[in-house]
Amino acid sequence: MKISLNWLREYVDIEMPRNELLDRLTMIGLICEKWTETPDGDTVFDIETYANRPDTLGHLGIAREISAMTGFPLKERIHPVVELPIPTSEIVEVQVLDEDLCPRYTGFVVKGVKIGPSPENLRKKIEAMGLKPINNVVDASNAVLFATGQPIHMFDLEKVAGPRVVVRRAKKGEALRTLDGKNAALGPDMLVIADEKRPVAVAGVIGGEESGITEATRDVFIESAVFDPASIRRTRKALEIQTDACYRFERGADIGFAPEAAAMAASLLCSFGGRVSKGLVDIYPKPRKAKELVLRSLRTADLLGVAVPDAFIEKTLVALGFSVKPSAQGSWRVLVPSFRVDIEREADLIEEIARFFGYDRIPAVVASLGILDPVASDRLQIGRLSQQFFHFGFDEVVNASFADPDKETVLGTGRRPVTLRNPFSVHAAILRTTLLGGLLVNLRHNQNHGTEAVHIFEIGEVFSWADESRHVEELTLGLLSAGPLGLPQWSRPPAAANFHHLKGSLESALGALRYAMLVYEPAEHPSFEEGSALAVLYKGERIGIMGRVRDAICETYGAAGPAFAVEIALGVLLEKKAGTFAYEPSPKVPAVVRDLSFFVARDVSYQDIKSAVERAAVKFLESFDVIDRYAGPNNPPGQTSLSMRFVYRNPQATLLAEEADKSEQKILKTLKAAFKIELRKGGGA
Amino acid sequence: MPSPDLEKFRIAIDAHRAKLADACAAVRDAAGLEELRNRYLSRKRGFVTLLFEDLKKFEAADKPAAGQLLNLLKTEIQEKLAALEESLRTPAAGGPGVDLTLPGERLTWGAAHPLRIFQREIESIFQEMGFGIEDGPEIETDYYNFEALNFPPNHPARDDWDTLYINDNLLLRTHTSPVQIRIMEKHKPPIRIIIPGKVYRRETPDPTHAAMFFQVEGLVVDRNVTFAHLKGTLEYFLKRLFGDKLKTRFRPSFFPFTEPSAEVDIECLACGQKDPACRVCGGTGWKEILGSGMVDPQVFKNVNIDPEQYSGWAFGLGVERTAMFAYGIPDIRYFYENDLRFTRQFHLK
């Protein structure tokens, strides 16, 4: 809200330097970060106002705050007029048909106004508000609005058929050409001002072009009314119009002030040669009683943490326009002035007291607090998981939850995306159904900026419709790996990103959460190259997929492959019960380590071999792993060479070589029977 | 078709043999080895394979000689590759000839995203003070995001929270405050929590605006909780975050869900409150850092907590804004580009 210092001084004396004024206004909640000085010595402040304080949307309201702050009283306001001998009601018939949307309607007629340029004082005010002066009548109506916050509308009386002014809901199919030159289609939920025949204004929002003030206007009907805030808001949203008037009406106009605003406007028009009709038309069928609240001294101290002196409380509220009567011991009955639409409860009054007492005078107290609430275990698990990925060289990324619907389709998650009704961009019109899109965008960005090694992970929500009416937010883990694993070294060059590095990182990280081992099965997925993907299963439930991202998809995202990625439904996993941690004594007896190297048909997967060994329940077998693999041309056709290391141990006693031999034979027998493996020359056993 | 010249074939084979040693010396790892193996022996495009194709073009008389030359080369290559494979498995020994001034191995590790680092820093300060950590859904209903927080339908205060809607009822939460309601519905006071999380606004991204950003919300509900506690706790928090000598300022503001409400400013760290033309604070010397206030009695009523028995305070802070101010980061979008040159800097913090 633009506020002119000179204009303010019409309502209250201000005798302090500008910076002091601004500092003190800040401390009562009126912050001004920008101001301009005009050539004629005025200062125009740009003051931030709040949605609940329509009273500060005019100079009078700001002056009232300053008066309460400094103790200088508000100046008396007079609105001298030249009066016609004819009563207003004899010139124009005013009717309010829908009083639910228009609780008060007042008006005057001013005849014989000489339209022309505004006098200098008025022009300066209009210019200070950042507007261009139009003519004295239009400027006068704007001046009343910016002076008092009460919007005024002026009709050219000769264009109002009847003349009758009817406040009613629009009829179906009615339309109005408005002052901004547009045609507004009106509906039965909109309030209009109509004459005998048709609407002449959208009530509280914008006037009609035809009944507007022109150079030829002589007689003016001044409207000063109060409209229902919610109705104004709905109407201006439907019509997509924002005006200074509706901005104020939708925040709540001062129902007590409408007559004075009409008088003020009439007074201005009389200074342009007009003469005002006798007696205000004032349709106010249900006069509102002032709200009465109880304010307790003790409650004030309890909420603020400081005892504010009773005298200060009374003085402040009176200065703000409240009427204050001591009631029971330590409490008051407070009547709320009509311009303070925001004050409805005791807490609102306490805020007023705090504002003027000064937030800086309230002490800062650190309470002694009880014991710490435990942190949700999900957060601890996620923290540990992240830590693992950092160790393995993965950088954390955070992407926006939005996705480009065109690109998301390519990723083929098969989930029904949640679409935004009013996206800020067509490229962010849905919520992501997968983390992969964001990770590929990150890959492209980093490749384009000279970073080849991109190993990243994200933990965040993905969104979709589970069915027609139920949406789901799923906590998801995504990893993407492309480029060299590590920095160039003189001692040994880094390996390139590959499927098994990614798989190992995932297994080790999830292992740290003490979940049972993951199981994999071959899978096909639109995001991954054919034959390159594995579904990830936890206890038989599919919780994710990993593989080599299709080159064509990398291309769609402008990134260069090969890129490997995995996505895990982390939320599903975190709901499972993780294993409990238990200490195990380190073995006191040595293990026997034996390697086996053998050829096996290429179509036998390691997972098959692993399961077979596990199922065989080999005595003393503590652990086993693959330590080498060769698939080169020196092998028999169609065969892979595998070397596996088996660790045998008897926790109770040193294992004898013969015992290890027996175990080893059992493994061999199992593998030969299941997969027809052939031991390599020198392959052990 | 004329038979190829046997002599030329021999020269070509010798040329391959000559390059073999260099090619092997350049191999550093298994992948390089595999590549080399393919270059020579790939069943489709390997040099040797192609030479065998050429062999077919020789006349019967020259074929055996040419074939012998080629087989020798092939054996030699296979032996070299086998030797290379073996040597790759043996770690390089740091013998006496190694230059000890060569740099140590450059080890890499991953870094947390700066937003998570700030978020955790904020969390840990509050955890030390005995606050729990909670979260809630990002897709919210109108009720939790607005109505329960004392934004009546059709109230202009809603305009200050530009909202992304899914339908008439569902929206992307514009603040973490709906989690306050969800927690207060389920838990009886005393409540002492912070709620970090993503929030959404309908903003076109620019250096100071993002359609998604992180907020940390705080809520304390108990008997005898006062505005003085709000001040004391937030002052302590900000000093922990920005330094012991930090000047703070609490000034009146408006939020529908708190009454009284306060905006909290901290002194401008960029200019030390000294530069009237400071670009960070606009010369005011202060920087707005968080919004706060005493929980509005209507909010308590909405969750069936008696405002006569209990009082509380709440605050909300934008993580990006705070981090931008603390580190002089000029553009909020940097956080979401995930340029590793940017994000990796912050683990040194």
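Does Asn224(B) count as buried or exposed, and what is its relative accessibility? At 61% relative accessibility, Asn224(B) counts as exposed; exposed means over 50% relative accessible area, buried under 20% and partly exposed in between, with a 1.4 Å probe and protein chains only.

Before we go on, a word on the model: it is predicted, so local features need pLDDT of at least 70 and side-chain atom pairs count only at pLDDT 80 or more, while totals for chains, interfaces and linings use all residues. Residues are numbered from 1 along each chain as its sequence is written, chains are lettered from A and ligands numbered from 1 in the order in which they are written, and side-chain values use heavy atoms, with hydrogens and water left out.

Let us stay with chain B for a moment. Asn224(B) sits in the loop between β5 (212–222) and α8 (227–242); helices here are DSSP runs (H or I, at least four residues), as are strands (E, at least two), numbered from the N terminus. Its phi is near 60°, a positive value in a residue other than glycine. Asn154(B) also has a positive phi, of about 65°, although Asn154(B) is not a glycine. You will find Asn154(B) in the loop between α6 (142–145) and β3 (170–172) of chain B, and with 27% relative accessibility Asn154(B) counts as partly exposed.

Now for the cis peptide bonds. One joins Pro189(B) and Pro190(B), with omega about 5°, and Pro190(B) belongs to the loop between α7 (177–186) and β4 (191–200) of chain B. In chain A, the peptide bond from Gly561(A) to Pro562(A) is cis, with omega near -5°. The loop that holds Pro562(A) runs between α17 (551–556) and β28 (563–568) of chain A.

In α10 of chain B (residues 319–327), the buried residues are Val319(B), Glu320(B), Thr322(B), Ala323(B), Met324(B) and Phe325(B). After α10(B) comes Gly328(B), with a positive phi near 65°. In α2 of chain A (residues 18–27), Leu21(A), Leu22(A), Leu25(A), Thr26(A) and Met27(A) are buried. Their packing partners are α1 (5–8), β2 (32–37), β3 (43–47), α3 (59–70) and α12 (346–357) of chain A, together with β6 (248–255) of chain B; contact means heavy atoms within 4.5 Å. Just after α2(A), Gly29(A) has a positive phi of about 95°.

On to the domains of chain A. The assignment, which comes from an automatic or database source, gives domain 1 (2–70), domain 2 (83–283), domain 3 (292–361), domain 4 (378–575) and domain 5 (592–679). Between the C-alpha centres of domain 4 and domain 5 of chain A there are 34 Å.

Finally, look at α19 (residues 606–615) and α20 (residues 657–675) of chain A, which pack at an angle of about 135° with their axes 10 Å apart. Axes are lines fitted to C-alpha atoms, for helices over the stretch in contact, and angles run from 0 to 180 degrees between N-to-C directions. The pair α19(A) and α20(A) is therefore oblique, the word for angles that are not under 35 degrees (roughly parallel), over 145 (roughly antiparallel) or 65 to 115 (roughly perpendicular). Asp608(A), Ile609(A), Ala612(A) and Val613(A) of α19(A) meet Thr670(A), Leu671(A) and Phe675(A) of α20(A).
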